[in-house]
Amino acid sequence: MGKVSMRIMEVLMGELLAREEEGVTARTAAGETVEIGGIGQKRRRKGDEEKVEAKVDGRGGGARTEVLVGEQRRNSVVRFNYYPPCPQPSLTLGLGAHSDPHLLTLLHQDLVGGLQICKDGLWMAVRPMPGALVVNIGDALQVWSNDHYKSVEHRAVCNSLRSRLSMGFFLTPMDDATICPLKLSSPHYKPFTWKEYREQMYARRPRGKSNLLHYRIHDQTQ
Ligand SMILES: O=C(O)CCC(=O)C(=O)O
Ligand SMILES: [Fe+2]
């Protein structure tokens, strides 16, 4: 990983995750547990209250590593996605179409390119810009805002020659947080907990934006 990418991760994790004095620092979490492209890595370290866990789960064309930091009091996740070169990229996807279920995503991608968003039914490339982060609205924010903000459907395509790395910070509600429109009149969604949403999403797998429909009150217009 380049120096710039590493610095961005330090800032992201340092600023957004490791807020409490006894918490895990960005450098510790990234340096100790992340092994891009590894298989089945799982490692735990328990300090007073801290717990770091990394999981690697090969899906589609890529391998993904999740780092969960301070599981007791925070739920946010940093995920590294590694996409090896694929000789026939038109036959597969690195990451299938989905919207992030969380509140907000800050995504750093390297300069290879491959991220696409769906706009008016068309897939459009999100061209990498040095030093820029992609900010994606997630499903939970769409529900809280009663559709004022819309989560973005996106996917990652593979590259025939070059591997690609992306790193995302996913701002995540606590498990028992109720996700429902903050506006009391004409809510578009039934209330649910984050834990419920996460579990039904992983059971059904991310598929476009279809997970939200499960909680939608159908007589409301979008
Ligand atoms: O690799 C990318 O650009 C997209 C990653 C992504 O959408 C995700 O991790 O949820
Ligand atoms: Fe995503």
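This is a predicted model: local features need pLDDT of at least 70, side-chain atom pairs count only at pLDDT 80 or more; totals for chains, interfaces and linings use all residues.
Local features need pLDDT of at least 70, side-chain atom pairs count only at pLDDT 80 or more, and totals for chains, interfaces and linings use all residues. Residues are numbered from 1 along each chain as its sequence is written, chains are lettered from A and ligands numbered from 1 in the order in which they are written, and side-chain values use heavy atoms, with hydrogens and water left out.

Let's start with the metal. The iron ion (ligand 2) has H98 (NE2), D100 (OD) and H154 (NE2) as its protein donors, lying 2.1 Å from it. Donors here are N, O and S atoms within 2.8 Å of the metal (3.2 Å for Na, K and Ca), and since water is not among the atoms, sites may look incomplete. Along the sequence, the donor residues follow the spacing H-x1-D-x53-H. H98 sits in strand β5 (residues 95–98) and H154 in strand β10 (residues 154–156), so this pair ties together parts that are 56 residues apart in sequence. Strands (E, at least two residues) and helices (H or I, at least four) are DSSP runs, numbered from the N terminus. H98 and H154 are both buried, that is, under 20% relative accessible area, with exposed meaning over 50% and partly exposed in between (1.4 Å probe, protein chains only).

Next comes ligand 1. Its surroundings consist of 13 residues, the closest being R79, N81, Y83, R164 and S166; a residue counts if one of its heavy atoms lies within 4 Å. Oxygen atoms of ligand 1 pair up with polar side-chain atoms of Y83 at 2.6 Å, of N81 at 2.9 Å and of D100 at 3.1 Å. Two or more residues of the shell around ligand 1 come from each of β4 (77–83), β5 and β11 (164–171).

N75 is found in the loop between β3 (62–69) and β4, and N75 is buried, with a relative accessible area of 18%. The side chain of N75 has a polar atom 2.9 Å from the backbone oxygen of P173 and makes a polar contact with the side chain of D175 (2.8 Å). A polar contact is a pair of N or O atoms within 3.5 Å; within protein, one must be able to donate a hydrogen and the other to accept it, and residues adjacent in sequence count only if both atoms are side-chain atoms. Y149, in the loop between α3 (139–144) and β10, is partly exposed at 42%.
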